[in-house]
Amino acid sequence: MRNNMMAMILAGGRGSRLLDLTKNVAKPAVYYGGKYRIIDFPLSNCANSGVEVVGVLTQYESVFLNSYCAQDQRWGLDTKDSGVYVLPPREKDSGFGLYRGTADAITQNIDFIDNVDPEYVLILSGDHIYKMDYAKMLEFHQQHQADLTIAVLEVPLQEASRFGIMVTNKEDQIVEFQEKPEKPSSNLASMGIYIFNWKLLRKYLTDDEKNEKSSHDFGKDIIPTMLEEKKRIFAYHFKGYWKDVGTITSLWQANMDLLDEKNKLDLSDNSWKIYTEDVATTPQFIGREAKVCHSFINQGCVIDGTVKDSVMFNDVVVGKKALVRDSVIFPEVKIGEGAVISRAIIGQGVDI
């Protein structure tokens with residue numbers, strides 16, 4: 001490993017607030033941005049940051065996500081010393097059990113991490129949209145001789161109660177952690193991105209496993225315990241675009257953000273590519289009477305109507321005199337002649 005750090009991506013989320021969009025797939029496998037899936041972002045960030053060994057911990061509706069993430073060549077993680085390893089719950093001598101929390105998911109895979117033998121472990125969520133250089137975060141972690149570094153983002157104070165909130169001193173050392181507080185003391189929100197020293201984390205995980213009162217969660221158990229024991233925990237400030245697409249509205253807004261000329265995510269930036277599957281389909285076709293304005297149109301689309309301020313995945317058909325505006329259209333959708341779609345997300349394969 002180029003920086004002696006491996007990553008573990010927590011990708012077992014049900015994503016129930018996304019309603020029917022996650023009825024048959026896990027939240028990290030949900031479509032985004034005209035050609036991507038949400039899981040492409042942490043995986044691409046790992047590849048671009050030089051993190052060459054990545055474990056993906058899956059659980060809910062894991063069949064598709066397992067096969068998708070196993071194609072590690074998509075992210076350039078298929079060399080001799082790299083790889084993406086899919087880690088669903090498995091049966092052991094102690095029995096079979098689902099992951100009980102974020103910390104328990106890592107605990108159940110201690111043997112896998114020990115086999116890699118990293119100095120540092122990067123813990124990530126599999127369902128956030130952002131670009132981030134984890135190597136710079138590791139440099140910060142090393143410079144501050146931290147036991148744990150947590151990536152944080154400034155959020156509006158009125159929204160802070162939705163997040164884990166950090167209170168820091170002048171040196172960015174975290175002195176208090178509040179898990180979704182009713183009256184937050186700061187606006188520094190946890191991004192769910194952690195760098196731990198592995199030997200220390202291993203000890204906390206094994207102790208937590210024995211605690212019958214624990215919920216086996218990083219935010220509720222591991223981090224508060226480390227704070228109580230005066231471990232060196234620091235906040236790493238992130239300034240770029242970050243979105244938790246946990247609801248229909250936030251997923252729709254994140255797609256609309258791509259159409260903003262000032263959008264910080266910039267998917268066309270070749271210096272930090274987001275890698276994904278290459279869909280084998282026909283070129284897009286724009287008909288003689290079609291009108292397309294300020295939209296993402298992917299391969300295989302056939303547009304005979306009007307499309308404005310929208311994001312379209314592959315193989316979408318828009319009939320004559322149909323109007324699509326301010327919408328996100330998933331793959332293989334057929335929009336009939338004269339139909340009007342406004343401010344909507346249309347799921348894969350739907351006929352309108």
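Colleague: What makes S15-S18-S21-S24 an open sheet, and in which sense do the strands pair?

Modeller: In this predicted model, 4 strands are arranged in the order S15-S18-S21-S24, with parallel pairing. The edges are strand S15 (291-293) and strand S24 (340-342), each of which pairs on one side only. Neighbouring strands of this sheet are turned by 5° against each other on average, direction ignored.

Colleague: How do you know that S15 and strand S18 pair?

Modeller: Two strands count as paired if DSSP finds at least two bridges between them. S15 and S18 (residues 306-308) have 3 bridges in the parallel sense, and therefore they are called paired. Within this region, Cys 293 stands opposite Lys 308 in S18.

Colleague: Why is a residue said to line the largest pocket, and which residues are closest to the centre of that pocket?

Modeller: A lining residue has an atom within 4 Å of a pocket point. The largest pocket, with a volume of about 1,600 Å³, has 49 such residues, and the closest to its centre are Ser 125, Asp 127, His 128, Lys 180 and Asp 244.

Colleague: Which elements give two or more residues to that lining?

Modeller: They include helix H3 (102-107), strand S8 (148-154), strand S10 (174-179), helix H7 (218-228), strand S13 (242-244) and helix H8 (248-257). Strand S11 (188-197) is also one of them, and the largest share, 4 residues, comes from S11.

Colleague: How many residues of the lining are nonpolar, polar and charged?

Modeller: The lining of the largest pocket has 15 nonpolar, 19 polar and 15 charged residues.

Note on methods. Residues numbered from 1 in each chain as written. Predicted model: local features only at pLDDT ≥ 70, side-chain atom pairs only at ≥ 80, totals over all residues. Heavy atoms only, no water. Axes fitted to C-alpha atoms, helices over the stretch in contact; angles between N-to-C directions. 1 Å grid on protein atoms, 1.4 Å probe; cavity = no way out; pocket = protein on both sides within 12 Å on 5 of 7 lines; lining within 4 Å. Points joined across faces, edges and corners; volume = space filled by probe spheres on them. Nonpolar A, V, L, I, M, F, W, Y, C, P; charged D, E, K, R; others polar.
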